[in-house]
Every structure is written in C-alpha cells, then in structure tokens.
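Trainee: I would like to go through this model with you. Could we begin with the terms and then turn to the details?

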Amino acid sequence: MKKISPILLFLFGSFIIQAQESTIPSSVKNVEKKVDSVLSLMTLEEKVGQMVQYNGSWDLTGPASNVDSKYKEERLKNGLVGSMLNVLSVEATQEAQKLVMENSRLKIPLMFGYDVIHGYKTMFPVPLGETASWDLEAMEKSARIAALESAAHGVNWTFSPMIDISRDARWGRIMESSGEDTYLTSKVAVAKVKGYQGNDLSDPQSIAATAKHFAGYGFAEAGRDYNTVHVGENELHNTILPPFKAAAEAGVATVMNSFNDLDGTPATGHKILQRDILKGDWNWDGFIVSDWGSIPEMIYHGFARDKKHAGEIAVKAGSDMDMEGGAYESGLIELVEEGKVSEEIIDDAVRRILRVKFKLGLFEDPYRYSNPDLLSQVPFDEHREIARDIARKSIVLLKNEKDLLPVQNDVKSIAVIGPLANDKDTPIGNWRAQGETNSAVSLLEGIKNAVGDDVKVNYALGTTLGQGERSFLAPLEINTTDRSGFAEAIAAAKKADLVIMALGEDAFQSGEGRSQVNIGLAGLQQELLEEIYAVNKNIVLVLQNGRPLEISWSAENIPAIVEAWQLGTESGNAIADVLFGKYNPSGKLPVSFPRAVGQEPLYYNQKNTGRPYSPDSVTYSAYTDEEKTALYPFGYGLSYTTFEYGDLKLSSEEMTPEGSIQVTIPVTNTGKMAGKEVVQLYLRDLVASTTRPVKELKGFQLVTLAPGETGEISFKIDEEMLQFYNANKEWASEEGEFEVLIGGNSRDLKKGSFTLNE
Ligand code: NOJ
C-alpha cells in the first residue's frame, strides 16, 4: 500500500543537508523545505492545477456543474487537480488517488474534502444543539469520532467547524452554527479543531479542519441565505472575527470563504479579510478554499466582468483554491502570462496547499486514508454510546410545571403523538454526511425502551410534516391540508395519563438554502397541539428542530417543554433518558428564542441604545405589540433540581492592566436531585470609545452539585478579557467602570462592579 513518490527521494536527500539553526522547530522547518523543493519542480500549469477542486459526485452539496467527467479524469491524470470533494469510500478515494499517483508527472497527492458537520456515520446533535451542552470536552470528542470515521472512509478533510455568529432564526444555516455568542463560538471552534486535527495532523486518524465561512455569512440580511451583509468594522472585529482568530491560533488547516458580500465587497474577493487580516495580521499559514462556485458568483454580484476577472480578483484577495468554480483552471495561467497576476501570488497559494498535504502525511503515503483495514477497526457501537451521552447533554429543559417531568411513577399510560414521534430520519438532521436515512432511534422507540411493562404507550401520528422527496437539494413540501390523523390522535390523548407531543421541524427545514419567514410550528402542528390540549392538558412538548422556533402559545399553555434539537443517531434514547429522569437535564440555549419572528435578529448582547427605556411614553427602543426581550434568553435552561446564586464577591474593586481580580459566587443546589449547572460570567464595559454591548459572556464553568451542596465558583478577570476593537481600530482595554454579572442564564444575574485604572 505504502508508496513513496520519486520526488520524495529527492526531497529527503535535500532538506536534511540544508537544515539550519533557527527558532523554528525542526519539524516545521522540514515541512517548509519539502514544500519549497516540490514547488521548485512545478510548472505554472501544475501550480494552478493544485488550486483547483472538483466535486466527485458521490454526493452533491451544491449546484451540479456541467463539466464532463472524462475531462476531470484527464486533468487528474495530468496532475492538474489539487483536491476533490464528495468522493466517498475507501475504494473511490483510492481510485481517484491512483489516477494522480500512477499517471501524473510529480505525483502530488490529492486531498479529499467533505462536509462532515456533525458526524460521518454516527450522527451527533446538529452543531447548534450540541453547543447547548456547553461541554467543550464532549464537543471535541464528537469531532474526534467524526474524524476517525471519516478517515476510515478515505476522507481527510472536513469543511467544519462552521463558526459564523448566527443571530437570526430565519436563517436556515443557524443549525450549523454555535449560535449567537462570540465567546462561546470561539471556545467551540478550538474544541472542534482539536477534535478533528488531534495533536498532530500526521496521525492517520486526524483530518484537516476548515473554519468557515470567512466572513460575515451569518449576518445575511433578513435571514435570507446568500444575502447581502452590512456590518461595520466595529462589529466585524468584535463579533464576527474572534472565533476565526481562535481557530487560526488553534492551527486550523484551512479556512473557507463565503458567498456573501460584506459592505459591498464579496467575501471571496475581499483582500482585507483574507490577505491582510487572516494571512497577514494573524500570520496564519494554512490555505483558503472558496465556497462552492463563489469565485464565478462574483459575476452575479456585479463585482467581476467574467470568469477570468473573477479569478483575478479572488486570487489577489487571497483565495487559494477554487471549489467547483472553474475560474482558476480557465484563467489563471493567462493572467500570469499577461502580467496581471504575479507568479509569487500563485506560489504563495500553492505553498500553502502543499504545506497542508505534507502535514497530513500524504506525500509519505498518499493512500493512508484509503486503507480498507481502518474501517474494520472503527468501534461504531462505542461511538453510539458516546453519541447518546452527548445527545442527552444537549437537551434543554425550557419549562417544567405541574411536576410533569421526570415522568412520575403513577403515569401508567402515555400517548406519544406527532409527526416527529416515530420519525427515524429527522433526528439525523441536515448536513448528515453518510448518516443513513431513517437510522436514528425515534422518540417513540426511545420511550418504549425506557418504560416498564406496566406502562402503556399509545402512538398516533396526528399529522405529517415534510412530505415528498426529502433531501439536501430538494425543496421541502409541508403538509397543510391533510388532517386525517387528527381524530386518532385526539382519541389517544383522551385516554392517556400523559401526552408526549413530538413537534418541530423536518430534517430538511433548516440548513443551507432553508431560510423561512415563519418560524412557528409548520404545517398543521399548532392546530393539532391545540386540539390535543383541549382534551388533555398534561402535555410534555418535545421539540426537535434546527433553529429557534416561535413557540409563545406553547410557552403560555403547555406545562412542560423540552428542546431536543436534532440529536442524531441515538436521539430517542437520549430524550427518554431525560424524560424518565435517567439524566438530569443541564443544557442551556446557545441562542435566544424569540416571542415573535419580528424580533429577529435577536441576541442578548445588544447595545443599550440612547433610548433603552422610558416608563411613561412609547418613545424608546421597543415594540408596541410585543415585549422586546427573548421568550427564553441565551444561556437559559432548567434542571430537575434548582440552583440558587448568592451574592458575588470581588477580591478587589480596583484593577490595573497588569493585575487581575477574582470574583467568587456561592451556588447552592436547593433541590432534591444532583444536578449540573452552567455558571456563566458576563462583563459590561460601561463607558468606552465605542458603544459596547449591555453584557458579554466572558467565561463559564460546568459545575455538578449534590442536593444541598454549595459550590464556591471563582472566575479570574484579567485585562485581556476587557479588551475590544476600539475607536482607534486596535484591541485594547480602556479604563473605567465594569459590571460583573454571574448567573445561570443571560437574564437572571447577580451583579458587582470594579474599576480598571490604566
Ligand atoms: C456550500 C456551503 O456553503 C459550504 O458550507 C459547503 O462546505 C460547500 N457547499 C461544500 O459542500
């Protein structure tokens, strides 16, 4: 299996001799030497070839191109392709790699990329859901497992993590994100990069990660996918870029740019973002891949005259690889020959691409990921167990009245009702990689697995939700007319001690291209819920969805609500673990749930405005027909126990930039069950050279407490935590007063304050 390309023999001979004393570690130095050596052998055509990525058509995650597969094959044989996406399986990747290794002049191995967003085969919660666990170790673990399963199927590069700050529930891609908060997303970004890439990219169980989409995509106007983005420099630096910086510092191998324009410049052609900030200021040495066709899409943006022009703009701006755009392969050589693009720019791009390939160990063994033995070693059963644990950690208990949960022992008959009750597919979610259709444990199955023989479980569909073809690219058809299942569901509810309603979204309701102007319960679900409520008020509403939903009626009327996202392979068992008290829920919302869709985009860390409140007139920043606050705020989630926060204590009320202060708060478990709380620290900079948010998450800790136990929870506050991108366009802290806020969600907080003296 192991093949060493002829150029390597040349390489191994040369770099050793040239190694010099320097501060750069020798492993890095060696990679650089190798990269330079390969580059020096390449023709311009071969260099441009490395900057080309083709779709392999085992999966389709963008508009199909009309490029003939024979033509692609020829280019592969000639060493004129740098990577492929959507080539799946050991055999397929082997075959494609062989075309290159057995025919091309320099035998530069291909990378194989894929959207492994929340698992490869074993599916974990969709990223928004998984972030609700606030458990960074768990998130790293699921990425590690996804890497292992991908690597065993020939895939050595994932287009994940998606770290776009997402504040708009109308935007379908919010499900792929870690929600609305910059600090939390930055932490998740690092955990994911570590999980995918491991300690070392050359470990054959590690794959290259991609931080995407650079940048601003989550701010698509009106939540409409691919739409224009208007953000100022202040917001860009303070809110959008920090997760990317964190990923870059964690060594993410690649970054993907994005479809949107940003204040008039398409991100793909944005030089300040890509070349100046990412590759310049941050000194990041990986490569940037375009999004699918985003280079030629600059023609539609009205930013490029034609494909060649689009290629010129993109390459100069710093986009290194063209995903399915056809612009680089058709225009770059000519652009260099005409002197419009310098060969140094091309060299820089190719150097970056080769660097990642070397780090992945592909030059050593191009087939290291296409090894049939790896697959038989993947412990899929163990992965399922871990998936179940992460899934239950991701569940958020939104409401629990009448002691409905955990389900009491005197409940002897349960009606499980709704389109998602026995749906084995929706929990797999969108962006499912090779997660099989209908392969999840449904809620009904989970409930049946959990209850004893003395509990009668009666299932009724009630209504369907998504119908017809359901797939990544197909438009989704929602049932709005067929009520034929209502009568059976109502009858089942009438005779049950407890009703578990399974409502929410179809798997393909959120995701790319799935923006919606309505975010309530789609189709006939609300109507069904109200009819069931009319006959039995003991309802636990279990929601499965990829985006925050508008559920004001349920929040008002339904006694218990469980947010169960799309939890992946073990969904039903994980939900049952929570419903029946085997697991005490501990998840907290990574995104605000609105009272009405008209509040979107909605997020907790807003600015105060000049008119935050007025007791006696309408002339302040609010709505006249609805409250301006979230229905369920960021960071919110209940437990089967209760936690009480005492007063916070500061080690000092003065701080210098060199110093730090310690803030401590007692948190007591005042209920009857052991439980886990996510203790959250927020800060507010009261007066600054630019307006600052009313609060910003700056730390959190997961704390487990026994009944009656009090934990003294401490956070250290240092100057770095007070920095922001200020009016002088630099990251710095400014002297003055700061508020410290600690609590179990972003709304209910204990307060203190201190002063920073410069
Ligand atoms: C388009 C999406 O925006 C991006 O996230 C994805 O990685 C590519 N298609 C490849 O499927």
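Mentor: Contact means heavy atoms within 4.5 Å. Among contacts in the protein chain between residues at least 6 apart in sequence, 79% join residues at least 24 apart.

Trainee: What kind of model is this, and how are residues numbered?

Mentor: This is a predicted model, in which local features need pLDDT of at least 70 and side-chain atom pairs count only at pLDDT 80 or more, whereas totals for chains, interfaces and linings use all residues. Residues are numbered from 1 along each chain as its sequence is written, and side-chain values use heavy atoms, with hydrogens and water left out.

Trainee: How many helices and strands does the protein chain have?

Mentor: There are 22 helices and 29 strands in the protein chain. These are DSSP runs numbered from the N terminus, with helices being H or I of at least four residues and strands E of at least two.

Trainee: What share of the residues is buried?

Mentor: Of the 758 residues, 61% count as buried. Buried means under 20% relative accessible area, exposed over 50%, and partly exposed in between, using a 1.4 Å probe and protein chains only.

Trainee: What size of box do the C-alpha atoms fill?

Mentor: Along the principal axes, the box is roughly 75 × 65 × 45 Å.

Trainee: Where is K47, and which residues does it contact?

Mentor: K47 lies in helix α3, residues 44-50. Its relative accessible area is 7%, so K47 is buried. Leaving aside neighbours within four places in sequence, K47 is in contact with L39, M42, E343, I346, D347 and V350.

Trainee: Turning to V231, is it buried or exposed?

Mentor: V231 is buried, because its relative accessible area is 8%. V231 is found in the loop between β5 (210-214) and α9 (233-240). Not counting residues up to four places away in sequence, V231 touches F219, L236, I240, L262 and D263.

Trainee: R275 is in α11, then. At what angle do α11 and α13 cross?

Mentor: The axes of helix α11 (residues 271-281) and helix α13 (residues 307-317) cross at roughly 25° and come within 8 Å. Therefore α11 is roughly parallel to α13, a label for angles under 35 degrees. Axes here are lines fitted to C-alpha atoms, for helices over the stretch in contact, and angles run from 0 to 180 degrees between N-to-C directions.

Trainee: Which residues meet there?

Mentor: K271, Q274 and R275 in α11 meet V315, K316 and A317 in α13.

Key. Angles under 35 degrees count as roughly parallel, over 145 as roughly antiparallel, 65 to 115 as roughly perpendicular and the rest as oblique.
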